[in-house]
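Please keep the sequence and the structure in view while reading.

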Amino acid sequence: MTPADVRALALALPEVTEGDHHGRTAYRLGTRVLATQWTDSQLNVLLDESTARAVDGGPCSLLWWGKQLSGVRVDLPTATPELVAELLEEAWARRAPARLLRERPPKG
């Protein structure tokens with residue numbers, strides 16, 4: 001996975017925009033950050049604690065903001081497109097308003 005691959009996946013989600021977040025590329029839904037391209041090989045995806053713990057391991061490591069678990073850091077060279085898409089979708093669904101969730105076709 002490359003930053004360009006991540007960009008394509010993130011911007012395919014409804015109403016997601018790309019912008020700056022403290023000098024790094026971030027993907028947002030409204031004003032809320034879903035993911036930040038930390039380096040060319042690392043993507044931070046903001047998830048709830050249970051989801052972050054469930055995917056910890058392999059290309060994903062827990063992402064801490066101080067003492068708070070805030071998501072996962074994904075090692076892009078070892079991550080599959082399917083994993084990154086799933087994580088971005090999860091971050092999006094966690095932040096999406098009800099109207100967007102209703103409009104989103106079910107997976108499958």
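At what angle do helix H1 and H3 pack, and how far apart are their axes? The model is predicted, and in it the angle is about 40 degrees. The axes of H1 and H3 lie 10 Å apart. Angles under 35 degrees would count as roughly parallel, and 65 to 115 as roughly perpendicular. H1 is therefore oblique to H3. The crossing of the two helices is right-handed.

Now look at the residues in that contact. H1, which spans residues 3-11, contributes Val 6, Leu 9 and Ala 10. H3 answers with Pro 81, Val 84, Ala 85 and Leu 88. By class, the contact holds 7 nonpolar residues, no polar ones and no charged ones.

Step back to the whole chain. The protein has 4 helices and 6 strands. Read from the N terminus, the elements run α-β-β-β-β-α-β-β-α-α. The radius of gyration is 13 Å, close to the 13 Å that the globule rule gives for 108 residues, so the protein is as compact as a globular protein of that length. Along the principal axes, the C-alpha atoms fill a box of roughly 30 × 30 × 30 Å.

Next comes the sheet. In what order do the strands lie? The order is E1-E2-E3-E4-E6-E5, in an open sheet of 6 strands. The pairing is antiparallel. Strands of a sheet pair through backbone hydrogen bonds, either parallel or antiparallel. Strand E1 (16-21) and strand E5 (60-65) are the edge strands, each pairing on one side only. From one strand to the next, the twist averages 30 degrees.

Helix H3 returns here. Residues 81-95 form this helix, and H3 packs on the sheet. H3 touches E1, strand E2 (24-29), strand E3 (32-39), E4, E5 and E6. The direction of H3 makes about 35 degrees with that of E4.

E1 and E2 run antiparallel and are joined by 6 bridges. One of the paired positions is His 21, whose bridge partner in E2 is Arg 24.

Thr 36 has Asn 44 in E4 as its bridge partner.

Trp 64 has Leu 69 in E6 as its bridge partner. E5 and E6 make a hairpin too, with 2 residues between the strands. Which residue of this hairpin takes a positive phi? Gly 66 does, with a value near 65 degrees.

An open antiparallel sheet runs from edge strand E1 to edge strand E5. H3 packs on that sheet. H1 packs against H3 in turn, at about 40 degrees.

Technical notes
Residues are numbered from 1 along each chain as its sequence is written. This is a predicted model: local features need pLDDT of at least 70, side-chain atom pairs count only at pLDDT 80 or more; totals for chains, interfaces and linings use all residues. Side-chain values use heavy atoms; hydrogens and water are left out. Two strands pair if DSSP finds at least two bridges between them. Axes are lines fitted to C-alpha atoms, for helices over the stretch in contact, and angles run from 0 to 180 degrees between N-to-C directions. Contact means heavy atoms within 4.5 Å. Angles under 35 degrees count as roughly parallel, over 145 as roughly antiparallel, 65 to 115 as roughly perpendicular and the rest as oblique. A crossing is left-handed if the near helix is turned anticlockwise from the far one by less than a right angle, and right-handed if clockwise. Ala, Val, Leu, Ile, Met, Phe, Trp, Tyr, Cys and Pro count as nonpolar, Asp, Glu, Lys and Arg as charged, and the others, Gly among them, as polar. The radius of gyration is taken over C-alpha atoms; the globule rule is 2.2 Å times the number of residues to the power 0.38.
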